[in-house]
Amino acid sequence: MRLLIVAYDFPPNPSPQSLRWAYLVRELAASGHEIRVITADLPGYGPGGLPEIPNDVRIQRVWPGPLSALLRKRRSGDFSTGDAAAVARSDGTSTLASSSQLASLNWKGRLAKRLKDSLSLVLFPDYRAEWSPWARHALRRILSEFNPDVVVTSHEPACSLPLGIEASRQGFFWAADLGDPVLAPYTPLRWRSRARRLERAVCKNATLVSVTSESFARLLSDRHGLDPSRCMVLPQGFDANVDDQSVAAGIFEHDLLELLYTGRFYDFRRADALLDAVVGIEGVRLSIATPSAPEYVLRAAAAHPEKVRILGFVKHRSALQFQRRCDVLVNLANEDPVQIPGKVNEYLGSGRPILHVGDAEADATGRLIEALHAGWHVKRNREEIQTLLRQIQRRHATVGIGGEERDVGTIAAYSWQRLAVDWVRRVELLSPSVQSVSGVPGGMA
């Protein structure tokens with residue numbers, strides 16, 4: 001099968017969408033599919049332990065537009081760049097950057113953010129849409145040269161979706177990897193009507209729409225009448241083949257209940273109640289791996305360094321090792337209850353229990369964790385979190401918390417290896433003329 005993937009975010013960018021298609025491309029290429037990628041020519045954080053893209057995958061890096069090109073010389077020096085080697089030494093001692101070194105953005109970063117915010121006032125969905133004219137030119141050329149069996153567009157950002165609409169109107173099979181809603185609670189008011197129209201156009205024109213949760217699939221059916229036969233749940237996954245290396249040795253202490261949060265913070269993803277709860281309990285420590293910590297987190301780490309530890313930016317592969325060595329992984333709920341943060345599915349592959357902090361009763365993430373017996377769902381309330389942590393702490397001190405009750409069989413379906421197989425099978429079901437390279441339906445088995 002010939003696949004053309006349009007993804008603004010792609011390695012070396014370590015964003016969730018970049019990771020998503022890095023893993024899927026790796027698995028699809030390993031199965032013999034011919035792949036070309038159109039992406040923005042942007043720097044990442046340098047070598048980040050991301051999945052290796054096979055050499056036979058051809059990547060067209062397109063000029064990202066005037067502002068992004070001006071800013072793309074910014075490197076990870078604008079952030080704290082930690083790694084396993086910088087956090088845990090071979091002798092078991094640890095070394096961390098100071099809070100001042102971790103203080104979010106320097107003046108260049110703040111200026112860049114202001115410029116991006118200004119351009120985002122006039123471009124939909126945000127400043128990244130300036131990439132679109134050059135991406136469209138590359139799309140037209142590659143459609144003509146490559147004649148792909150399937151064109152895939154990766155959202156977000158939503159600026160990739162009109163390119164899929166163009167490919168669809170030319171008669172190509174379009175698989176829109178929508179992931180999360182275009183029209184979401186955090187969509188700026190000025191763009192809400194446009195986001196709804198684009199989301200509707202995707203549901204109308206795409207041959208296949210993939211989303212990250214059953215809740216979102218139902219939302220698209222209710223909001224736009226999307227036929228369930230053209231929609232599949234393709235969540236974020238985990239790598240079933242992570243090497244069990246010792247890069248994280250010495251970072252966690254056996255006599256503490258060690259909590260770990262890996263990921264970014266947003267206004268709708270806050271940790272205030274969690275921080276207050278951890279600070280108030282002896283024998284519990286929260287470590288945070290993030291490229292940019294908000295001020296309230298920095299203040300908590302500065303005031304209680306023995307309770308709250310900021311690791312800074314940790315490369316992807318090292319973060320996976322950290323996840324496998326802590327006691328409990330922490331997830332902070334998104335504002336939209338139908339969204340399941342991709343980090344949760346990555347956590348599932350660690351074998352460690354997950355503490356999900358969120359208020360919504362109909363929270364898709366909480367329901368998933370509870371259904372898989374993979375951890376706990378607690379409201380964003382200091383007292384409730386403390387009560388649960390004390391229960392976990394007692395179990396940790398007696399029988400341990402190794403995740404023995406997890407639904408291992410169901411969790412295995414969330415590996416990138418299995419998800420790639422599922423995606424190919426759905427494509428072939430919708431278009432029998434699209435043949436897998438082995439001639440066998442879902443020919444990746």
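Author: Let us start with a definition: two strands pair if DSSP finds at least two bridges between them. In general, strands of a sheet pair through backbone hydrogen bonds, either parallel or antiparallel. Please bear in mind that this is a predicted model.

Reader: In what order do the six strands of the open sheet lie, and what is the sense of the pairing?

Author: The order is β10-β9-β8-β11-β12-β13, and the pairing is parallel. At the edges are β10 (308–312) and β13 (375–378), each of which pairs on one side only. From one strand to the next, the twist averages 25 degrees.

Reader: How many bridges join β9 to β10?

Author: Strand β9 (residues 284–289) is joined to β10 by four bridges, and the two run parallel. Within this pair, Ile 288 stands opposite Ile 310 in β10. Helix α10 (residues 295–303) packs on the sheet, where it touches β9 and β10, and its direction makes about 120 degrees with that of β10.

Reader: Which strands does helix α9 lie across?

Author: Helix α9 (residues 272–279) lies across β8 (257–262), β9, β10, β11 (328–332) and β12 (354–357). Relative to β9, helix α9 runs at about 145 degrees.

Reader: Let us turn to the open sheet of seven strands. What is its strand order?

Author: Its order is β3-β2-β1-β4-β5-β6-β7, with parallel pairing. The edge strands, pairing on one side only, are β3 (58–62) and β7 (231–233). The twist here averages 20 degrees from one strand to the next.

Reader: Which strands pair with β1, and over how many bridges?

Author: Strand β1 (residues 2–7) pairs with strand β4 (residues 150–154) in the parallel sense over five bridges. Strand β2 (residues 34–40) likewise pairs with β1 in the parallel sense, over five bridges. Towards β2, the bridge partner of Leu 4 is Arg 36.

Reader: What is the handedness of the unit made by β1, α1 and β2?

Author: Strand β1, helix α1 (residues 16–30) and β2 make a right-handed β-α-β unit. As for covering, five of the six residues of β1 are buried.

Reader: How is the packing of two helices to be read?

Author: Two packed helices are described by the angle between their axes and the distance between the axes. Here α1 and helix α11 (residues 316–325) pack at an angle of about 95 degrees, with their axes 13 Å apart. Angles of 65 to 115 degrees count as roughly perpendicular, so α1 is roughly perpendicular to α11. The contact is made by Leu 19, Tyr 23 and Arg 26 of α1 together with His 316, Arg 317 and Leu 320 of α11.

Reader: Is helix α6 mostly covered or mostly uncovered, and what covers its buried residues?

Author: Helix α6 (residues 161–169) is mostly covered, with seven of its nine residues buried. Those buried are Leu 161, Leu 163, Gly 164, Ile 165, Glu 166, Ala 167 and Ser 168. What covers them includes β1, α5 (132–146), β4, β5 (173–179) and α7 (192–205). After α6 comes Gly 171, whose phi is positive, near 100 degrees.

Reader: May we now consider single residues? Is His 224 buried or exposed?

Author: The cut-off for buried is under 20% relative accessible area. His 224 has a relative accessible area of 16%, and therefore counts as buried. This residue lies in helix α8 (residues 214–224). The side chain of His 224 makes a polar contact with that of Glu 199, at 2.8 Å. Leaving aside residues up to four places away in sequence, His 224 touches Arg 196, Glu 199, Arg 200 and Cys 203.

Reader: Where is Ile 401 placed, and is it buried or exposed?

Author: Ile 401 is in the loop between α14 (382–398) and α15 (408–411). Because its relative accessibility is 5%, Ile 401 counts as buried. Ile 401 and Gly 375 are 26 residues apart in sequence and 9.9 Å apart in space, C-alpha to C-alpha.

Methods:
Residues numbered from 1 in each chain as written. Predicted model: local features only at pLDDT ≥ 70, side-chain atom pairs only at ≥ 80, totals over all residues. Heavy atoms only, no water. Axes fitted to C-alpha atoms, helices over the stretch in contact; angles between N-to-C directions. Buried < 20%, exposed > 50% of the residue type's maximum accessible area, 1.4 Å probe, protein only. Right-handed = clockwise from strand over helix to strand, strands pointing away. Polar contact = N/O pair within 3.5 Å; in protein donor to acceptor, adjacent residues only side chain to side chain. Contact = heavy atoms within 4.5 Å. Parallel < 35°, antiparallel > 145°, perpendicular 65-115°, else oblique.
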